[in-house]
Amino acid sequence: MFKDLPALQKTIRLLQRVPYLASKNIYRVALYFLQEKENDVVLLFNAILKAKKDIRKCSICFNLTESKDLCSICSSKARDLSVICVVETWYDLAAIERAGGYDGVYHILEGSLCPLDGISADDLNVDSLFGRVNESVSEVILATNSTPEGEATASFISSRLANLDLQIKISRLASGVPIGSSLEYMDRVTVYKALSGRRPF
Ligand SMILES: [Zn+2]
């Protein structure tokens, strides 16, 4: 198809690599770019290139940061460094920040334990978490998802933290969180209630 339009063909083929772009919209997206002013297309792609170049991961919590070693949360004086909320992904952090009311810091695991998919603790940011937890930490909130993988991850981290022999409160999100759901897809009120109503793990 479109053998007489090789440039369009190539654009569509490359757009098809974007995982969240519904395939039925691919032609519309391709045509949208063709019809846009050249300057606007350049603006968009330059913005993506700049974001790719400047955005990196915080060296403490793995949150995103722009051109700095520490993210805005880790370097904020308004945040309570003694409370660490452990989440699976950046999307979960974003959901908690959107909900508001939490003033501690985070640790992003970048995944959850899943033996079936071959994902072990070595594939997650857990060593860096245990490296952070010392006498100055009062609470670790296990905000992994309420899926079998998220629960297994919470149990694993909890038992390892208990072995550290520190006086740390370990808590889990309130039981109002629907089974199998992730913070990312929950509304702000549910996220807020889950966090503020957290219970000892
Ligand atoms: Zn950070």
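When I say strand or helix, I mean a DSSP run, E for strands with at least two residues and H or I for helices with at least four, numbered from the N terminus. Two strands count as paired if DSSP finds at least two bridges between them. Within this pair, R172 sits opposite R199 of β7.

Quick housekeeping. This is a predicted model, so local features need a pLDDT of at least 70 and side-chain atom pairs count only at 80 or more, while totals for chains, interfaces and linings use all residues. Residues are numbered from 1 along each chain, as its sequence is written.

How confident is the predictor? pLDDT is its confidence in each residue, from 0 to 100. The protein chain averages 92, and 97% of the residues score at least 70.

Which order do the strands take? It's an open sheet of five, β4-β3-β5-β6-β7, with mixed pairing. β4 and β7 (199-200) are at the edges with a single partner strand each, so one side of each has no neighbour in the sheet. Further in, β3 and β5 are parallel, over four bridges, and V86 faces L142 in β5. β5 and β6 are also paired in the parallel sense over four bridges, with V140 partnered by I170 in β6.

Now look at helix α6, residues 148-163. It lies across β3 (80-87), β5 (139-142) and β6, at about 165° to β5. That angle is between N-to-C directions, on a scale from 0 to 180 degrees, using axes fitted to C-alpha atoms, for helices over the stretch in contact.

On to the core. A nonpolar core is a set of buried Ala, Val, Leu, Ile, Met, Phe, Trp, Tyr and Cys residues joined through C-beta atoms within 7 Å. The largest one here has 36 residues, and C61, C85, V86, I96 and Y106 have the most contacts inside it. β3, α4 (90-99), β4, β5, α6 and α7 each put in at least two residues.

Let's zoom in on Y106, in strand β4. Is Y106 buried or exposed? Buried means 20 or more other C-beta atoms within 10 Å of a residue's own, exposed means 12 or fewer, and partly exposed is in between, with C-beta atoms placed from the backbone. Y106 has 26 of them within 10 Å, so it is buried. Its C-alpha atom is 4.5 Å from that of C85, although they are 21 residues apart along the chain. Contact means C-beta atoms, placed from the backbone, within 7 Å. Leaving out residues up to four places away in sequence, Y106 touches several residues, including C61, I73 and L93, while the partners of C85 include I96 and I141.

Most residues other than glycine have a negative phi. S67 isn't a glycine, yet its phi is positive, about 60°. S67 sits in the loop between β2 (64-66) and β3, and it counts as exposed because it has 8 C-beta neighbours inside 10 Å. D165 isn't a glycine either, and it has a positive phi of about 60°. D165 lies in the loop between α6 and β6, and with 7 C-beta neighbours inside 10 Å it counts as exposed.

Notes: pLDDT is the predictor's confidence in each residue, from 0 to 100. Two residues are in contact if their C-beta atoms, placed from the backbone, lie within 7 Å.
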